[in-house]
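Here is a short tour of a protein model, written for someone who would rather look at the structure than at a list of values. Take a moment with the picture, then read on.

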Amino acid sequence: MKTFTYLLTDPEGLHARPAARIAQTCVQLQSQVTFKFNGRTANGNNVLELLALGAKKGDELTVTIEGNDEEEASEKVLHDLRHKSELDHSAPLKIAFFGTKDYDRIFFSQLADDKGPSAYNCDIHYFTSRLTPESVGLAKGYDAVCIFVNDEAPREVVEKLHDEGVRLILLRCAGFNNVDLQAAKEYNITVLRVPAYSPYAVAEHAMAILQAANRRLHKATVKVKDNNFALSGLLGLDLHNKTAGILGTGRIGQCMARICKGYGMNVIGWDAYPNQKLVDEGLLTYVSKDELFEKADLISLHAPLIMGEGGTYHIINKAAIDKMKENVMLVNTARGGLIDTEALIQGLKERKFHAVALDVYEGEDSNVYTDHSDDYLDTDITARLLMYPNVVLTSHQAFFTREALQSIAAITMENARNFARGRDLGNAEVRAK
């Protein structure tokens, strides 16, 4: 265990930007980092707890680090504490925040409320409605809109945003297929996304829902609640010694590969741009798509959705399903359009799959983040998928952890600040090709 004290020198103390930076660093560390000040304690990986310390310039923090990477963790935490933010005295960037949920306010408001020359310097107005052609008029007078995966920004919306004076579209997600990038380019509207937040959140959810479908946990809990302790209909498969096929080996795919490795699985992968380092460390072996379909007992999708010839749209189609093993398991936490839903349903009818776990699927848009518990289920695709006892559906929640939400908020706010100050936007910017 390492313990040291640090005297805050930032003129604004431990405000939102340094707190967010420290929290994002600590999430990646193996060691547990805690901060103490004035009788209060905060976990280093929790931005809200760090802000609640209320530490100002001249206050002394006590930092404790305990774990497997204490030396590295100490250097990184000290680096973040010593970081000097550039001052910005420009007017706040006005942001119209669409599709607001309570959990969005928890993290974004804490960061946006922090004002000052080295803060994010943004004013947010929250709208509960999604961005659509009908609601786009709400953006009038704002510099930017902040949207999520179920908001709509086709050409007509982009054109209207331009007419209303909007110069920036902030995506609080990694995907950007809901934005007409060509229209944004034509109207000189910048589009910024969150390239990565918590790959662990998505990969862990993928394995969680896959195991729920494999071991029929969704059925088992209902049976037990009905005092039915019979095991009929609950037969699962061992994952140990099976082959996991990872379709897309970016950060999330790598996390899923490591989880599968931990289960004792053999891991194969496919990616348009293979990462030789993963092969060198013995994590996986790259194969062709067809070989992956033919050999994998579990197929986990982590590729981006790319339209057009040679893209990934409907990469799981009838031809791909026909190549798969009998009793294959399939999980998708990436994009719904990766799977041809009609082909999937046909495969379910033909008993091709032992288990299917979907956090995303084509036709989910009207369901995502809305409460239909008092409505009739009139979404045909959802109803048809729910017919099958070996299918588990969740509502686009793979990202939904505290660590991911605080990272999304911090990166989105940093993107807004970089845009307002004319700084380099890095890989957050997405443009039409």
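How many nonpolar, polar and charged residues does the lining of the second largest cavity have? By class, that lining has six nonpolar, three polar and one charged residues. Here Ala, Val, Leu, Ile, Met, Phe, Trp, Tyr, Cys and Pro count as nonpolar, Asp, Glu, Lys and Arg as charged, and the others, Gly among them, as polar.

A quick word on ground rules. This is a predicted model, where local features need pLDDT of at least 70 and side-chain atom pairs count only at pLDDT 80 or more, while totals for chains, interfaces and linings use all residues. Residues are numbered from 1 along each chain as its sequence is written, and side-chain values use heavy atoms, with hydrogens and water left out.

**Cavities**

Rolling a probe the size of a water molecule over the atoms shows where empty space is left. A cavity is a set of points, on a 1 Å grid over the protein atoms alone, where a 1.4 Å probe fits but cannot get out; lining residues have an atom within 4 Å of a point. Grid points are joined across faces, edges and corners, and the volume is the space filled by probe spheres set on the points. The structure holds two cavities of 30 Å³ or more.

| Cavity | Volume | Lining by class |
|---|---|---|
| Largest | about 60 Å³ | four nonpolar, three polar, three charged |

Around the largest cavity you'll find Leu-8, Thr-9, Asp-10, Gly-13, Leu-14, Pro-18, Arg-21, Asp-80, Leu-81 and His-83. Helix H1 (16-27) and helix H3 (70-82) each supply at least two residues of that lining. Helices (H or I, at least four residues) and strands (E, at least two) are DSSP runs, numbered from the N terminus.

The second largest cavity has Asn-332, Gly-336, Ile-339, Thr-341, Leu-344, Leu-358, Val-360, Tyr-361, Glu-362 and Leu-385 along its lining. Let's pick out Thr-341, which sits in helix H13 (residues 341-349). Thr-341 counts as buried because its relative accessible area is 4%; buried means under 20%, exposed over 50%, and partly exposed in between (1.4 Å probe, protein chains only). Setting aside neighbours within four places in sequence, Thr-341 is in contact (heavy atoms within 4.5 Å) with Glu-362, Ile-381 and Leu-385.

Asp-143 lies in the loop between S6 and S7, and is buried at 16% relative accessibility.

**Aromatic pairs**

Rings of Phe, Tyr and Trp (its six-membered ring) pair if their centres lie within 6.5 Å; planes under 30 degrees apart count as stacked, over 60 as edge-to-face and the rest as tilted. That rule gives seven aromatic pairs. Phe-127 and Tyr-142 have ring centres 6.2 Å apart and planes at 85°, so this pair is edge-to-face. Phe-127 and Tyr-142 are 15 residues apart, each in the loop between strand S6 (122-126) and S7. Phe-127 is buried at 12% relative accessibility, and Tyr-142 is buried at 16%. Elsewhere, ring pairs link Tyr-103, Phe-148, Phe-399 and Phe-400 into a cluster.

Most residues other than glycine have a negative phi. Asn-121 has a positive phi, near 60°; this residue is in the loop between helix H4 (102-112) and S6 and is buried at 10% relative accessibility. His-396 also has a positive value, near 50°. You'll find His-396 in the loop between strand S16 (391-393) and helix H15 (402-421), buried at 11%.

Notes:
1 Å grid on protein atoms, 1.4 Å probe; cavity = no way out; pocket = protein on both sides within 12 Å on 5 of 7 lines; lining within 4 Å.
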